[in-house]
Amino acid sequence: MAELELRELYKTYYKNRKPVEAVKNFSLTCKDGEFVALLGPSGCGKSTTLRMIAGLEVITAGQILIGGRVINNLPPKDRGVGLAFENYALYPPLTVYENIAFNLRARGVKQEEIDRQVKHIAEVLRIKDLLNTKPGALSGGQKQRVNIARAIVRRAEVLLLDEPLSHLDGKMRQQMRTEIKRLHIDFKNTTVLVTHDQLEAMALADRIAIMKDGLLQQYGTPLEVYNHPLNEFVAGFIGEPPMNLFTVNVEAGDGEKQFRFKETDIHFKVPDRYRELVREGQSYRLGIRPNDVKVVVGEGQYSLALKVAVFENLGEERRIMIRLNGSPMIIVMQERYRLAPGDIVHVYFDPERTHLFNLVDGTRIQ
Ligand code: ADP
């Protein structure tokens with residue numbers, strides 16, 4: 001296993017002679033044995049980055065190092081990477097067993113050891129029954145699992161997984177997520193996973209690189225990006241349901257600064273931690289996670305009395321949607337209240353658990 005380092009990586013494609021900057025100034029270190037997820041919406045440059053690491057795409061500028069060695073000009077097979085890509089074909093004439101065994105045979109591993117490894121990985125990934133099948137007869141999800149198995153037994157220095165669970169549904173997806181995590185604990189492969197699914201990234205990765213429009217937005221542990229998003233984009237992308245974001249104006253009232261939700265008369269005292277940072281007359285973006293809002297039914301000491309627009313009972317939890325003059329506020333409730341549209345609830349949130357962003361460029365203020 002080895003450390004992977006990306007240094008100021010760029011990729012420009014040309015579409016009808018017009019440049020498309022798919023990846024811009026992207027730097028990141030994935031430590032030896034670390035599991036990193038590249039996360040972001042479709043088209044943000046995740047797969048392009050992975051393909052550059054794999055050697056399937058020419059790098060426009062920058063460097064890629066594996067184990068301290070620049071690999072920019074090495075062909076894919078000499079880079080020490082194991083790939084599980086969606087369209088990275090299995091060998092059709094070979095059985096699943098032989099597909100998984102292929103790289104081990106090429107390396108001269110003894111048959112007994114090959115047999116042990118192939119059966120072990122097939123067991124973990126639940127494809128044991130398929131070992132004598134040829135790829136043509138497999139479903140998309142089964143092919144994905146064979147691909148993962150093949151990449152893992154290679155014991156490459158860096159394992160690259162591109163949306164490895166995209167063809168699996170519901171329960172199987174969750175099971176495989178757990179198995180991939182377990183395999184990582186066992187094998188400690190330096191791993192880069194591409195996904196657009198933030199839950200997958202949060203569950204699997206030691207660190208997450210969040211991308212938008214080819215640019216790295218934040219690189220941190222799942223807790224860091226959840227608790228301390230560096231900008232409004234990350235704040236809205238991480239978390240399900242996503243963080244509520246509102247425009248608030250700062251006004252003077254009762255001798256102290258007040259936040260007023262834009263175009264409403266709903267206001268509250270600016271929390272102490274922001275008092276020195278905000279200016280009267282200015283607008284900001286205030287973020288509140290749906291789990292950080294508390295609801296009290298009936299009269300209470302809480303200042304925001306709001307009307308329920310939508311109520312959903314999801315069994316484990318309940319979700320309320322409230323409109324603050326057009327901006328939705330989603331609240332996740334564990335309490336077993338049953339509410340209906342039009343009910344008035346009293347809403348309370350801990351100012352310590354809010355997030356404040358610059359209105360213009362979305363950067364975090366605190
Ligand atoms: P993601 O994996 O995050 O969905 P991609 O890396 O596939 O994003 O794509 C990033 C950007 O590069 C997109 O705008 C996409 O249209 C463009 N792109 C990707 N591959 C090519 C290509 N072969 N030719 C031209 N543009 C491409």
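**Legends to the close-up views**

**View A. K188 is located in the loop that joins helix 5 (170-187) to strand 8 (190-195).** Its phi is near 50°, a positive value in a residue other than glycine. Helices (H or I, at least four residues) and strands (E, at least two) are DSSP runs, numbered from the N terminus. The structure is a predicted model, in which local features need pLDDT of at least 70 and side-chain atom pairs count only at pLDDT 80 or more, while totals for chains, interfaces and linings use all residues. Residues are numbered from 1 along each chain as its sequence is written, and side-chain values use heavy atoms, with hydrogens and water left out.

**View B. R126 occupies the loop between helix 3 (111-124) and helix 4 (140-153).** Phi of R126 is near 55°, a positive value in a residue other than glycine. R126 counts as partly exposed because its relative accessibility is 39%; buried means under 20% relative accessible area, exposed over 50%, and partly exposed in between (1.4 Å probe, protein chains only).

**View C. A cis peptide bond links E240 to P241.** The omega angle of this bond is near -5°. P241 belongs to the loop between helix 8 (232-237) and strand 11.

**View E. Strand 11 (residues 244-253) pairs with strand 14 (residues 283-288) in the antiparallel sense.** The pairing extends over 6 bridges. L245 has G287 of strand 14 as its bridge partner. In general, strands of a sheet pair through backbone hydrogen bonds, either parallel or antiparallel.

**Context for the views. The protein as a whole contains 9 helices and 20 strands.** Its C-alpha trace spans about 80 × 45 × 40 Å along the principal axes. Of its 366 residues, 49% count as buried. Among contacts (heavy atoms within 4.5 Å) between residues at least 6 apart in sequence, 64% join residues at least 24 apart.

Technical notes. Pairing = 2+ DSSP bridges.
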